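Reader: I am new to this structure and would like a close look at a single part of it. Could you take me through the main pocket and what surrounds it?

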Amino acid sequence: MNMSFRKAEENEVGVLTEMSRNAFLSDAEFGSGGGGPDGYDDYDFHLDHQKKGSLYSLLNGENIVGGAILEEDGDSLNVYRIFVSTKEFRKGYGLRLMQLIEEYFPEAKIFKLDTPEWNVRTNSFYQKCGYKAVGREHIPEFDLILYEKKR
C-alpha cells in the first residue's frame, strides 16, 4: 500500500461525499436503519468542511480510498467522522487511516470520537485502534459511546 493522507482538495469533494454516503449506508447491516450522521450524504456539508480545512483525503497511490472530518481543539483532536470506500472494506484502510491521522497531528495529546452503541462494527474497530470508552451520550435516536485515546 502506497498510502498518503492530506487535506482534501475542492475537486475531491464530490468523490468524498459519495464515499461517505455509501459507507454510512452500509451501516444499515448493523442497525442504523439506513441513514447516517448529519451531512453524511450532502455535498455542501463536505464542501464547507473542505473550505474550513477539516476535510481530509486518504489515498492509495493516486486513488482516493477514504476520508475524514477532523477538528483540532487545543491539545486534542476530534475525529468527527471517518469513512472508507465500500469497495475497499476489510483491506486495512481504516486502520491505516487512523494511524495516519495520529501521525498527521503529532501535537495532539488526546484523540476523541463517538460512535453509536448499536454499531458493533465501529465499536470493535475503535477498540482495536486503542481507543477506550470514557462515557455515553444520549441523543434522541440512540446512545453514543464516547471514546478517547491518549498519547
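Author: **The largest pocket and its lining**

The largest pocket is lined by 47 residues, and Phe-24, Asp-27, Ile-82, Thr-122 and Tyr-126 are those that lie nearest its centre. Here a pocket is, on a 1 Å grid over the protein atoms alone, an open set of points where a 1.4 Å probe fits, with protein on both sides within 12 Å along at least five of seven lines, and lining residues have an atom within 4 Å of a point. This is a predicted model, in which local features need pLDDT of at least 70 and side-chain atom pairs count only at pLDDT 80 or more, while totals for chains, interfaces and linings use all residues. Residues are numbered from 1 along each chain as its sequence is written, and side-chain values use heavy atoms, with hydrogens and water left out.

The volume of the largest pocket is about 1,400 Å³, taken as the space filled by probe spheres set on grid points that are joined across faces, edges and corners. Among the elements that each supply at least two residues of its lining are α1 (13–25), α3 (93–104) and β7 (143–150), but β4 gives the most, with seven residues; helices (H or I, at least four residues) and strands (E, at least two) are DSSP runs, numbered from the N terminus.

In the loop between β4 and α3 lies Ser-85, which is buried (under 20% relative accessible area, 1.4 Å probe, protein chains only), with a value of 10%. Leaving aside neighbours within four places in sequence, Ser-85 is in contact (heavy atoms within 4.5 Å) with Met-19, Val-65 and Gly-66. In α3 itself, the buried residues include Tyr-93, Leu-97 and Ile-101.

Conventions:
Buried means under 20% relative accessible area, exposed over 50%, partly exposed in between (1.4 Å probe, protein chains only).
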